[in-house]
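Biologist: Thanks for sitting down with me. Could we go through the terms one by one?

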Amino acid sequence: MTPRKALVLDFGGVLTTPLIPAALAFERREGLAEGTLFRALYADAEMIRLTEELERGALTQSRWNAEAADRTGLAADNLMGRLFADLRPQPELIGAAAAARRAGVPVALLSNSVGRAPWDLYAGYDLDFDAVVISEDHGVRKPEEAAFALVLDKLGMAAADCVFVDDTASYLPPAAGLGFATVHAEEPGRTVAALEQLLGLALASR
């Protein structure tokens, strides 16, 4: 197998710890029944539409907070920040990305934004990658082809040269259809091992 030449990474759930455990911890803190947030925010057609508008930069995080608060009975104040307060850096993937760059492999970030105020998902992280595409800055979101085309243009690479890593499984088939090798980020050790095989590099800390 010919090694791929570049790496494209999602942010939340890849370079951070997983989103679902953070949301479940928030439900417990708020005294909500498990699954309340999923039903109210991610299984509601209108809320899905609003979240996609948030990702494109067409809706403010404060407005999203207000809409989510209406559906859950929670306080709107910094609701997104409270919801994901337990997210932490994922050292295995951050280290693998750094190792890839040291080996000469370009690394890009392709992330669907959740707005940056009042809470900034990216605050405190080093986003010094070879290319950075955050959806709200460009009005496109994964899994739209335009989002993948934009990051490829910034890298100066073809999809067939790249590996794409995301924790959202539904974003992988559209990327694969364009020619990316894809990795579903479920467990950091397995993700790094898959990247080592696809890039032909040793990336894990040993």
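Biologist: How much space lies in the second largest pocket?

Modeller: About 180 Å³. A volume here is the space filled by probe spheres set on grid points, which are joined across faces, edges and corners. One caution: this is a predicted model, where local features need pLDDT of at least 70, side-chain atom pairs count only at pLDDT 80 or more, and totals for chains, interfaces and linings use all residues. Residues are numbered from 1 along each chain as its sequence is written, and side-chain values use heavy atoms, with hydrogens and water left out.

Biologist: What makes a residue part of the lining of the second largest pocket?

Modeller: On a 1 Å grid over the protein atoms alone, a pocket is an open set of points where a 1.4 Å probe fits, with protein on both sides within 12 Å along at least five of seven lines; a lining residue has an atom within 4 Å of a point. Phe11, Leu15 and Arg101 are among those that line this pocket.

Biologist: And which classes does its lining have?

Modeller: There are 7 nonpolar and 3 charged residues, and no polar ones. Tyr, Phe, Leu, Ile and Ala are among the nonpolar types, while Asp, Glu, Lys and Arg count as charged.

Biologist: What is the volume of the largest pocket?

Modeller: About 1,200 Å³. Its lining has 46 residues, with Leu19, Ile20, Tyr42, Asp167 and Thr168 nearest the centre.

Biologist: Why are strands S3 (131-134) and S5 (181-184) at the edges of the sheet?

Modeller: Two strands pair if DSSP finds at least two bridges between them. S3 and S5 each have a single partner strand, so one side of each is left without a neighbour in the sheet. The order is S3-S2-S1-S4-S5, with parallel pairing.

Notes. Helices (H or I, at least four residues) and strands (E, at least two) are DSSP runs, numbered from the N terminus.
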